[in-house]
Amino acid sequence: MTVYFIGAGPGDPELITVKGQRLIRQCPVIIYAGSLVPAAVLEGHQASTVINSAELHLEQIIAAMRTAHEHGQDVARVHSGDPSLYGAIGEQIRHLKALGIDYQIIPGVTATAASAALLGCELTLPQVAQTVILTRYGDSSPMPPGEQLADLARHGSTLAIHLGVKHLPRIVEALLPHYGTECPVAVVHRATWPDQDWVRGTLGNIVERSAAKHFRRTALILVGHVLGDAPFAESALYRAGHAHLYRPGD
Ligand SMILES: C[S@@+](CC[C@H](N)C(=O)[O-])C[C@H]1O[C@@H](n2cnc3c(N)ncnc32)[C@H](O)[C@@H]1O
């Protein structure tokens, strides 16, 4: 018996992996994060038990897994995006280890990838930014030392800020000294869902522009010069004359 932590992807039910979909259709028990996982992701399931974890606390979720274990039933534990990011799977895994219950993680398409796809851009442009920092606004979960937005902003990297849209003014305030008012920003709401929407702007005007959209939750804030028209170099990978393993003759 195994608990499979499955990444459901950002919303579009076609953005789950083939493996994740197969496991959802095979497992007799499904526990899904109903606040962010669309029902369509569960289509075709044959499970006898389907539980929405949005209504449960941790101990109740573990109890459901334990019951499945006692009956020898595999569990599809479905999380939004990729389970390894803000999925609260660490605490579930800690319990499973203590109980001697096997688990596996099936990765998923994260909101950052879905948002970049929607905006039609690369987050790592040569000579502009080669680093993406995935972070969150620390509200209910305070940030550890050294991970305040101002600390991260010193790098000038591309930022993907989760769980922060309600706090956009504070986020902008923390980033302005490092990125400047002209730095491009996008706020992407429910990327890949039927009602997806987004707004682009700069650190100087994004608060006003985003407020007009009334995004309250499930929005990702992307910040960085890769979102604008900053000049960038071509990558070495495809440069004529750059020889490597697969193009040794160049
Ligand atoms: C609890 S975190 C889960 C992140 C998820 N595990 C992932 O890999 O994307 C939820 C936050 O992720 C972001 N998010 C999740 N799905 C999103 C989507 N479809 N569009 C935009 N942001 C999304 C929002 O910031 C939301 O508040």
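A residue counts as near a molecule if one of its heavy atoms lies within 4 Å of it. Keep that in mind for this predicted model, where local features need pLDDT of at least 70, side-chain atom pairs count only at pLDDT 80 or more, and totals for chains, interfaces and linings use all residues. Numbering runs from 1 along each chain as its sequence is written, and side-chain values use heavy atoms, with hydrogens and water left out.

Start by colouring domain 1 (1-104) and domain 2 (109-225) separately; the bounds come from an automatic or database domain assignment. Their contact (heavy atoms within 4.5 Å) takes 13 residues from domain 1 and 12 residues from domain 2. The domain centres, taken over C-alpha atoms, are 28 Å apart.

Next, select the ligand. Why does it lie between domain 1 and domain 2? Because both domains give residues to the shell around it.

Now show that shell: 18 residues, of which L85, T110, A111, A191 and A219 come nearest. By type, the shell has 11 nonpolar, 5 polar and 2 charged residues, with Ala, Val, Leu, Ile, Met, Phe, Trp, Tyr, Cys and Pro counted as nonpolar, Asp, Glu, Lys and Arg as charged, and the others, Gly among them, as polar.

Zoom in on the polar contacts (pairs of N or O atoms within 3.5 Å). Pick P10: a backbone N or O atom there is 3.0 Å from a ligand nitrogen. At S80, a polar backbone atom also sits 3.0 Å from a nitrogen atom of the ligand. Finish at D82, where a backbone N or O atom lies 2.8 Å from a ligand oxygen.

Conventions
Polar contact = N/O pair within 3.5 Å; in protein donor to acceptor, adjacent residues only side chain to side chain.
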